[in-house]
Amino acid sequence: NPDFGVNIITNSQLDDRTNGWFPLGNCNLSVGSGSPHILPPMARASLGVHEPLSGRYIHVKNRTQTWMGPAQMITDKVKLFLTYQVSAWVRIGSGANGPQNVNVALGVDNQWVNGGQVEINDDRWHEIGGSFRIEKQPSKVMVYIQGPGAGVDLMVAGVQIFPVNREARFKYLRHQADKIRKRDVVLKFSGAGSSSLSGTNVKVVQTQNSFPIGSCMSRTNIDNEDFINFFVKNFNWAVFGNELKWYWTEPQQGNLNYKDADDMVALCQKHNIETRGHCIFWEVQATVQQWIQALNKDDLMKAVQNRLTDLLTRYKGKFKHYDVNNEMLHGSYYQDRLGKDIRANMFKTANQLDPSATLFVNDYHVEDGCDTRSCPERYIEHILDLQEQGAPVGGIGIQGHIDNPVGPVVCTALDKLGILGLPIWFTELDVSSINEHVRGEDLEVMLREAFAHPAVEGIMLWGFWELFMSRDNAHLVNAEGDVNETGKRFLALKHEWLSHARGQVDVQGQFNFRGFHGKYAVEIDTPSKKIVKTFVVDKGDTPLVVAVEL
């Protein structure tokens with residue numbers, strides 16, 4: 001009995017002064033009033049109708065270290081393998097020097113677990129939303145709120161930690177997906193004998209959903225027949241794990257290796273699989289080859305130009321997308337060496353060399369509430385800044401390496417990014433749990449949130465086969481090729497996202513149904529023969545009329 005939605009925090013409303021709370025470090029706790037009565041929006045999305053908050057808050061004074069704040073032991077209340085949503089209102093006092101990070105943290109046997117964080121640069125109340133899950137029995141679990149610099153007061157209200165009911169949200173997401181991923185279709189039968197078709201049996205079968213769902217692959221995978229069979233059957237897009245990265249295609253200066261990428265492109269073309277180009281540059285210094293780091297500024301600029309020309313000329317028209325400069329919110333190697341303009345110039349040059357490719361930004365921890373460097377607000381600022389410099393940014397990549405995802409937290413990030421009007425893709429999605437059922441649930445949360453969101457236009461998994469994952473306990477298919485519980489969840493969703501319909505031709509010689517976008521076959525049983533025709537349902541707001549000539 002998980003007690004979904006029940007807060008495990010004692011005296012959250014502070015009806016009993018600060019009872020149940022204690023100061024971490026030698027700070028002072030008191031109770032103030034005037035905090036919001038409304039539940040923070042992400043919590044409200046999970047909990048629905050809820051009594052108002054009390055308006056009381058914990059005021060933390062005399063903080064001499066960043067980690068000092070209110071704390072509470074929750075060891076006996078946390079259940080293993082349940083996903084907990086974290087929610088609170090937080091505010092900081094005056095005297096802060098620049099933006100301050102505030103974090104709801106858990107000490108799980110003295111290991112820090114991130115429950116969500118927010119950056120504050122004003123004196124308003126801010127929502128913190130995050131999540132956590134514990135998979136090994138701990139001897140003690142403490143929750144504490146920390147973050148602002150020494151000497152800055154901290155105010156905390158309405159702390160909620162509750163197990164989240166994912167199934168209830170799935171129901172809502174199914175309805176939402178039906179609204180945005182389906183279209184009304186009218187099949188209009190004509191031709192010899194069509195006047196007497198009224199009452200004839202019609203069977204409509206969807207053979208493929210056109211929504212992009214892909215995975216990464218590596219050169220070694222493509223010699224594995226079982227891997228390729230699963231890939232071709234279940235994915236319509238591919239991205240290469242490493243084989244297009246600069247450190248792979250030019251490990252030493254002038255020593256070019258495109259053979260692996262060429263082989264993989266050929267395989268994808270053979271099977272009509274679209275490809276993403278990942279990535280032209282990678283802004284994190286640790287990923288930059290030593291020979292590049294050894295170049296002077298002028299030679300580095302030439303090398304960057306050569307990289308763009310080589311790659312985009314060689315593969316012109318072959319990659320639908322490029323991640324131009326990976327993880328610009330977490331690194332700045334090229335910008336530090338070549339100046340602020342270099343980032344926009346990479347986009348401009350790439351666009352000149354291959355105008356057919358959509359150019360993406362790509363970063364991580366955008367959607368999970370646990371990294372203020374790449375929160376949606378920061379990402380939006382970053383994209384607008386690039387666009388102001390003339391960079392043709394065509395898409396937003398969210399990597400999606402996520403732990404214990406909670407729908408409303410993810411959806412809130414998508415809503416915020418959606419205001420830019422650019423397509424959003426999950427570009428490197430993986431989830432991890434030692435329990436395959438829980439991992440499958442994590443994956444279902446992410447796939448459903450993406451599929452039900454109007455701004456999201458594609459999902460790429462960062463692998464699926466046990467031996468070829470960059471994360472432990474993240475696979476859908478085990479080493480021998482057996483689909484595990486996580487993989488079964490994935491296949492069940494793929495099945496759910498195919499529309500089938502049966503019925504009779506009406507007196508107007510028509511058959512109406514509503515179905516997901518994609519490829520279909522229709523089967524009509526006429527008295528003389530069985531006729532099969534194929535058609536495609538594209539996106540569109542008005543009903544699609546398909547003329548079926550018999």
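**Ground rules**

I am working on a predicted model, so local features need pLDDT of at least 70, side-chain atom pairs count only at pLDDT 80 or more, and totals for chains, interfaces and linings use all residues. Residues are numbered from 1 along each chain as its sequence is written, and side-chain values use heavy atoms, with hydrogens and water left out.

I took helices (H or I, at least four residues) and strands (E, at least two) as DSSP runs, numbered from the N terminus. I called two strands paired if DSSP finds at least two bridges between them.

**Entry 1: the barrel**

I looked up the closed barrel. It has eight strands, in the order β13-β14-β15-β16-β17-β18-β19-β20, with parallel pairing. Neighbouring strands here are turned by 25° against each other on average, direction ignored. For angles, axes are lines fitted to C-alpha atoms, for helices over the stretch in contact, and values run from 0 to 180 degrees between N-to-C directions.

β17 (residues 358-363) and β18 (residues 395-398) run parallel and share four bridges. Asn362 stands opposite Gly397 in β18.

Next I checked a helix against this sheet. Helix α5 (residues 259-270) packs on it, touching β13 (213-217), β14 (237-240) and β15 (274-282). Contact means heavy atoms within 4.5 Å. The direction of α5 makes about 175° with that of β14.

**Entry 2: the open sheet**

I found three strands in an open sheet, ordered β22-β11-β25, with mixed pairing. Which strands stand at the edges? They are β22 (510-516) and β25 (544-549); each has a single partner strand, so one side of each is left without a neighbour in the sheet. Neighbouring strands of this sheet are turned by 30° against each other on average, direction ignored.

β11 (residues 182-190) runs antiparallel to β22, and seven bridges join them. I noted Lys188 opposite Gln510 in β22.

**Entry 3: aromatic rings**

I counted aromatic pairs and got 31. The rule takes rings of Phe, Tyr and Trp (its six-membered ring) with centres within 6.5 Å; planes under 30 degrees apart are stacked, over 60 edge-to-face, and the rest tilted.

I opened Phe227 and Trp465. Their ring centres are 5.9 Å apart and their planes at 50°, so the pair is tilted. Phe227 lies in helix α3 (residues 225-234) and Trp465 in the loop between β20 (456-461) and α13 (485-496), so the pair ties together parts 238 residues apart in sequence. Are these two buried or exposed? Phe227 is buried at 1% relative accessible area, and Trp465 is buried at 3%. Buried means under 20%, exposed over 50%, partly exposed in between (1.4 Å probe, protein chains only).

I next took Phe240 and Phe319. This pair is edge-to-face, with 5.7 Å between centres and 75° between planes. Phe240 sits in strand β14 and Phe319 in the loop between α7 (297-314) and β16 (321-326), 79 residues apart. Phe240 is buried at 1%. Phe319 is buried at 1%.

I also traced a cluster linked by ring pairs: Phe227, Phe230, Phe231, Phe235, Phe464, Trp465, Phe468 and Phe490.

**Entry 4: charges over rings**

I looked for NZ of Lys or CZ of Arg within 6 Å of a ring centre and within 35 degrees of the ring normal. Arg276 lies over the face of Phe360, 4.8 Å from the ring centre. The charged end of Arg181 sits over the ring of Phe451, 5.5 Å from its centre.

**Entry 5: salt bridges**

How many salt bridges does the rule give? The count is 29. The rule asks for a side-chain nitrogen of Lys or Arg within 4 Å of a carboxyl oxygen of Asp or Glu.

I checked Glu274 and Lys320 at 3.2 Å, N to O. Glu274 is in strand β15 and Lys320 in the loop between α7 and β16, 46 residues apart. Glu274 is partly exposed at 30%, and Lys320 is partly exposed at 39%.

I then checked Arg448 and Glu496 at 2.7 Å, N to O. Arg448 lies in helix α12 (residues 436-451) and Glu496 in helix α13, so the bridge ties together parts 48 residues apart in sequence. Arg448 is buried at 4%, whereas Glu496 is partly exposed at 30%.

Last, I noted a network of salt bridges linking Arg133, Glu135, Arg166, Glu441 and Asp442.
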